[in-house]
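Subject: Structure handover

Hello,

Please find the structure below. My notes on it follow.

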Amino acid sequence: MRVNRSFGYLLGMDNLTNPSIDNDALSEIIQEGLPPEFDDPNYSFTSDKTPFGLDDLHLDDRFQGLFQEITTSILQYFSNMAFQKAEYYISKAWATYTKQKQFIATHKHVASHYSFVYYVQADEEIHSPITFYEPAQGLRVPESKIWNADNYRSLKIKPKTGLFIMFPSHVEHGTEEMAETDVARISISGDIVITAEGGHKTEYLLPSPSTWRKLNGPVTH
Ligand SMILES: [Fe+2]
């Protein structure tokens, strides 16, 4: 019997293969930006937590080729959604860098509707997968010992260069400790916020930021 647990269908996946994306060049840019003191034995490095707050890669000219392709995938993903009169924004985007023995603790993104990850440098044979966990509601349901497509509470996806994954921001996710390897896993993550189109009112979406009134600092409206 097929049990339609919709979690698995919430994820969107794409392979970005356009030659305008130079993954080697992007990997170099990210590695050159690693702070010299970066050497945590456990946790992966994420650029949004540096003193410089590098969480605006979507505005960085060096990443524009990639973000054009990401934009195409995101809009394709949302093209069948009920909210047609909507605006889609990337609110932030940052890099992650994982060496051997490091991992990304389970977490969720709390300041957006959807999130994404793109693998700039990853190998499904040597790098640990990303695991998504079904949102917990009510009493805890134990994990199944045997995974199949009809019965699971978590989903592991092996990373590979060019893979693009979208998921609702409230879905918890993380990676396991990475095996012995000299090759780092490098990815770019980002958050997406959905609002209504300017002039279109609906109770289900944030109004367009073009109609917001800022209360502190200079008045914008
Ligand atoms: Fe994340």
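In which sense do S5 and strand S10 pair, and over how many bridges? S5 and S10 (residues 185–196) pair in the antiparallel sense, over 7 bridges. Strands here are DSSP runs of E with at least two residues, numbered from the N terminus, and two strands pair if DSSP finds at least two bridges between them.

Two points on how to read this. The model is predicted, so local features need pLDDT of at least 70 and side-chain atom pairs count only at pLDDT 80 or more, while totals for chains, interfaces and linings use all residues. Residues are numbered from 1 along each chain as its sequence is written.

S5 and its partners

A residue is buried if 20 or more other C-beta atoms lie within 10 Å of its own, exposed if 12 or fewer, and partly exposed in between, with C-beta atoms placed from the backbone. S5 also pairs with strand S8 (residues 163–168), in the antiparallel sense over 5 bridges. Ser115 shows both pairings: Phe167 in S8 stands opposite Ser115, and Asp191 is the bridge partner of Ser115 in S10.

The open sheet

An open sheet of 4 strands runs in the order S4-S9-S6-S7, with antiparallel pairing. S4 (104–107) and S7 are at the edges; each has a single partner strand, so one side of each is left without a neighbour in the sheet. From one strand to the next the twist averages 15 degrees, taken between lines fitted to C-alpha atoms, with angles from 0 to 180 degrees between N-to-C directions.

S4 and S9 pair over 2 bridges, and Ile104 stands opposite Thr175 in S9. S6 pairs with S9 (residues 172–175) over 4 bridges, and S6 pairs with S7 over 4 bridges. Phe132 has a bridge partner in each neighbour: His173 in S9 and Leu155 in S7.

Pro135

Pro135 lies in the loop between S6 (130–133) and S7 (154–157). Why does Pro135 count as partly exposed? Because Pro135 has 13 C-beta neighbours inside 10 Å. Leaving aside neighbours within four places in sequence, Pro135 is in contact (C-beta atoms, placed from the backbone, within 7 Å) with His170 and Val171. The C-alpha atoms of Pro135 and Ser154 are 9.3 Å apart, and the two are separated by 19 residues along the chain.

Regards

Technical notes: Contact = placed C-beta atoms within 7 Å.
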